[in-house]
Amino acid sequence: MEQDLEYTRKLIRGYRKEVEPLFRYLSWLESKQGAKVSSSYTENAVTKHSMAFPVYDGTLLGFVKEVQKSTLTNRNYVYLYSRHKLTGPKEERALIESVTIRNPEVLTDILSKYVLGGMTKGWLWSQAVEEGIFLSILLKFKELFDTWDQPEGNQGEQG
């Protein structure tokens, strides 16, 4: 039992090191949930024969770059989606809510879908903010940290 507890503490410390810098985006993510965080560039230079391109909120780009610099992305996130038959944000939010200390990789896999997928499908970054996916992931990590990364003897016995 003590080995399991020590493993859990070590796991949480590793995640905390990577996730904690992202907490500075919490208030921004809360304020932007349900709002548009990108637009299409449509100045005079864009004609009907040109392709419009997205312009993102600078804070969103900062968040994405910070996640990309971390070890939180997993290129094999697609296995989570096929295993759980996830088809959209509603199912993703439900799965995020069900995460416990036993499966925190679910959070990084969903985060990976939006951050890595947004490199080729730019609308994914905006969708993750508008649908509250990034916010839900950070709040769930915060909940796990608050429960498990405490001085010895104060850990929750949930799992």
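A residue counts as buried when its relative accessible area is under 20%. Tyrosine 15 has 16% relative accessibility, so this residue counts as buried. Keep that cut-off in mind as you look around this predicted model. The protein chain has eight helices and two strands, and buried residues make up 44% of its 159 residues.

**The overall layout**

- Starting at the N terminus, the order of elements in the protein chain is α-α-β-β-α-α-α-α-α-α.
- Of the contacts in the protein chain between residues at least 6 apart in sequence, 72% join residues at least 24 apart.
- The protein chain has an accessible surface of about 9,400 Å², and carbon and sulfur atoms account for 51% of that surface.

**The nonpolar core**

- The largest nonpolar core contains 45 residues, and Leu29, Leu60, Phe63, Ile110 and Phe134 have the most contacts inside it.
- At least two residues of this core come from each of helix H1 (2–19), helix H2 (26–32), helix H3 (58–69), H4, H5, helix H6 (105–117), helix H7 (123–130) and helix H8 (133–148).
- H8 gives the most to this core, supplying nine residues.
- Leaving aside residues up to four places away in sequence, phenylalanine 134 touches Leu29, Leu60, Phe63, Leu111, Tyr114, Val115, Trp125, Ala128 and Val129.

**Aromatic rings**

- Eight aromatic pairs are counted in this model.
- One of them joins tyrosine 15 and phenylalanine 141, with ring centres 5.4 Å apart and planes at 40°, so this pair is tilted.
- This pair links distant parts of the chain, since tyrosine 15 is in helix H1 and phenylalanine 141 is in helix H8, 126 residues apart.
- Phenylalanine 141 has a relative accessible area of 1%, so this residue is buried.
- Tyrosine 25 and phenylalanine 63 form an edge-to-face pair, at 5.3 Å centre to centre and with 80° between the planes.
- That pair also links distant parts of the chain: tyrosine 25 is in the loop between H1 and H2, phenylalanine 63 is in helix H3, and 38 residues separate them.
- Both partners, tyrosine 25 and phenylalanine 63, are buried.
- Tyr15, Phe23, Phe141 and Phe145 are linked into a cluster by ring pairs.
- Over the face of phenylalanine 23 lies lysine 142, at 5.9 Å from the ring centre.

**Lysine 113, a buried lysine**

- Lysine 113 belongs to helix H6.
- With a relative accessible area of 19%, lysine 113 falls under the 20% cut-off and is therefore buried.
- The side chains of lysine 113 and glutamate 92 are joined by a polar contact of 3.0 Å.
- Not counting residues up to four places away in sequence, lysine 113 touches Tyr77, Tyr81, Glu92, Gly118 and Leu124.
- From lysine 113 to tryptophan 125 is twelve residues in sequence and 9.6 Å in space, C-alpha to C-alpha.

**Lysine 85, an exposed lysine**

- Lysine 85 sits in the loop between helix H4 (78–84) and helix H5 (89–98).
- Its relative accessible area is 65%, over the 50% needed, so lysine 85 is exposed.
- Although lysine 85 is not a glycine, this residue has a positive phi of about 55°.

**Threonine 8**

- Threonine 8 is part of helix H1.
- The relative accessible area of threonine 8 is 12%, so this residue is buried.
- Apart from residues up to four places away in sequence, threonine 8 touches Ile101 and Trp148.

Methods. Residues numbered from 1 in each chain as written. Predicted model: local features only at pLDDT ≥ 70, side-chain atom pairs only at ≥ 80, totals over all residues. Heavy atoms only, no water. Helix = DSSP H or I, 4+ residues; strand = E, 2+ residues; numbered from the N terminus. Buried < 20%, exposed > 50% of the residue type's maximum accessible area, 1.4 Å probe, protein only. Core = buried A, V, L, I, M, F, W, Y, C linked by side-chain atoms within 4.5 Å. Contact = heavy atoms within 4.5 Å. Polar contact = N/O pair within 3.5 Å; in protein donor to acceptor, adjacent residues only side chain to side chain. Areas by Shrake-Rupley, 256 points an atom, 1.4 Å probe, with all protein chains shown as cover. Phe/Tyr/Trp six-rings, centres within 6.5 Å; stacked < 30°, edge-to-face > 60°. Lys NZ or Arg CZ within 6 Å of the ring centre and 35° of its normal.
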